[in-house]
Amino acid sequence: MGVAIGLFLGDNHITEHIDLNGDKVSRVLDLVRHNYVDSVDVDSIEGTTVNNLLQNLDPHSLYLPPQQATSINERLEGGFTGIGVEYVLLRDTLVVTQVTPYGPAYNAGLRPGDKVLEVDHQSFSGTHLTAQKVSKAFRGAKDSQLLMAVVPAGSKTTKFYNIKRDHVDLSSLDAAYMLNPTTGYIKISKFASTTDADFRKALTKLKIDGLQKLVLDIRGNGGGYLNTATALADEFLTKKQLIVYTKGVHEPRTDYFATDSGNFQHGKLAVLVDEYSASASEILAGALQDLDRATIIGRRSFGKGLVQEQFPFGDGSAVNLTIARYYTPSGRSIQKSYSGGIESYRNELAQRMTKGELFSEESNLKDSIFRKPTHYHTSDGRKVFSGGGIMPDIFVPADTTHNTYLAHELSSRQLFSAYVIDHMQAVLNKYTAADFIKNYNVSDADLGNFILYASKSIKDIRPQEVMTARGELKTLLKAYAARFKWGDDAYFKVINADDPAIKKAIEAVN
């Protein structure tokens, strides 16, 4: 039986099906289906009805339509059947931006910058491409064949590739590299079924490179599997230490203990969190904080202490139902209140910003949750708080010049990647990865050219927005260029170069 505990994540290990036949909801929907005056999409109404019912229970019990359930489960199960490419749709042509190492497309010879013209002898470029159309073309049964006509990067000659679809791994690790000769950095984006194995592999490689201390980055990690969170905590803890326990009205208390199999039980450790670190991330951070195993750095985490189990329906849809709460080793629940209703709960992060909490440690501590006496202490006797996320040991304010709306829009529309494809490939070919990261700088002229390029897609880019986000935009343009040429580690080396949280973490472990 699989248990998931993420903001919007679940699993489909549960085989029990919910039968609503005979109840009032099903009877009303059946009446609508057969007697209503107009034609109605009853499946949509049914999903909305079930979701409204669940959302009245708590913010994390919800209904998942088939496509969403499938997408979430693929992410958490660590892969899918396809060819293994990332891409941008540029002038109605698919251009490859990343190829999964040693996946089907990689083994066939596809590389970043390649343009796909035809698929299975049918025109592909110029056919009003969408993400759904690409997914339908590229995915399929294991061992099925896909014939592609491709113009390789920097060439004008069409080449043909016969690609056999296969399982494509989706790593939950975004990056793993050395920050300095003795300190490693690992960023984890979700707690999927493969996360612990991915972590062990990355850690082994970094130890060969000299790792003695570790910075673990789980900022923005919205959660995943409970068992994965406990397995990762086990990497850092010693035998018989309590990691977390869960309980609910219908779920007896279950304790999760560390074993003696951890690969990093004694080295110095810093863990980065922020307001988007949720659920499984908070289990890990809470355990390491309560047991005084790591220094927690960043901003107060999201505050989700509920455990969901997924119950699938026969049509591929599913219900994620909250079945228990989890508690850190000191006994604290970090679930923030949802007594004010769903809208208030969803707006809570915005309220933190309004109150100044993201920018001031003092504003953090003024929250009513943290002004009350606390009954919770770490193994060494330090005070810790319950009821609203994990409060970091070292506070790092949010940067008001980062994560701007303009940067978000440019990223979501894939304009950084598009610009790199159209204008930066020749530049990239002049550098090695290390030389590019150390010596290449985006000039004001480069940024101006990029904004001019982007303004063809986003018509209302205001000069003031560009000035406010100037530093962030330059960093992102360099980072996306590095990723296109050398992959995710290069991207994060650029992004993290001047990150104050990383600097605090290095100080904490030295």
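Student: Why is Asp-292 called partly exposed?
Tutor: Asp-292 has 21% relative accessibility. Buried means under 20% relative accessible area, exposed over 50%, and partly exposed in between, with a 1.4 Å probe and protein chains only. Therefore Asp-292 counts as partly exposed. Before we go on, this is a predicted model, where local features need pLDDT of at least 70, side-chain atom pairs count only at pLDDT 80 or more, and totals for chains, interfaces and linings use all residues. Residues are numbered from 1 along each chain as its sequence is written, and side-chain values use heavy atoms, with hydrogens and water left out.

Student: Where is Asp-292 found, and what is said of its phi?
Tutor: Asp-292 sits in the loop between α8 and β16. Its phi is positive, about 55°, although Asp-292 is not a glycine. Helices (H or I, at least four residues) and strands (E, at least two) are DSSP runs, numbered from the N terminus.

Student: What about Asp-92: which loop holds it?
Tutor: Asp-92 lies in the loop between β3 (85-90) and β4 (93-99). Asp-92 also has a positive phi, about 60°, without being a glycine. With 25% relative accessibility, Asp-92 counts as partly exposed.

Student: Why does Arg-219 count as buried?
Tutor: Its relative accessibility is 18%, so Arg-219 counts as buried. Arg-219 is in the loop between β12 (213-217) and α7 (226-234).

Student: What makes the pair of Arg-219 and Asp-217 a polar contact?
Tutor: The two side chains come to 2.8 Å. A polar contact is a pair of N or O atoms within 3.5 Å; within protein, one must be able to donate a hydrogen and the other to accept it, and residues adjacent in sequence count only if both atoms are side-chain atoms. Contact here means heavy atoms within 4.5 Å.

Student: What is the order of the strands in the open sheet?
Tutor: Six strands form it, in the order β10-β11-β12-β15-β16-β21, with mixed pairing. Two strands pair if DSSP finds at least two bridges between them.

Student: What makes β10 and β21 edge strands?
Tutor: β10 (173-178) and β21 (394-395) each pair on one side only.

Student: How do you know that β15 and β16 pair?
Tutor: Four bridges join β15 (residues 269-273) to β16 (residues 295-298), and the two run parallel. The definition asks for at least two bridges, so the pair qualifies. Leu-272, for instance, has Ile-297 in β16 as its bridge partner.

Student: Which helices lie on these strands?
Tutor: Helix α8 (residues 280-290) packs on the sheet and touches β12, β15 and β16, its direction making about 140° with that of β15. Helix α21 (residues 500-509) lies across β11 (183-188), β12, β15, β16 and β21, at about 160° to β15. Axes are lines fitted to C-alpha atoms, for helices over the stretch in contact, and angles run from 0 to 180 degrees between N-to-C directions.

Student: Why is the pair of Arg-200 and Glu-235 called a salt bridge?
Tutor: Their closest N and O atoms are 2.7 Å apart. A salt bridge is a side-chain nitrogen of Lys or Arg within 4 Å of a carboxyl oxygen of Asp or Glu, so this pair qualifies. Arg-200 lies in helix α6 (residues 195-208) and Glu-235 in the loop between α7 and β13 (242-248), so the pair ties together parts that are 35 residues apart in sequence.

Student: What joins Asp-444 and Arg-470?
Tutor: Their side chains meet in a salt bridge, 2.7 Å from N to O. Asp-444 is in helix α17 (residues 444-454) and Arg-470 in helix α19 (residues 470-486), so this pair ties together parts 26 residues apart in sequence.

Student: How many salt bridges does the structure hold?
Tutor: The structure holds 26.
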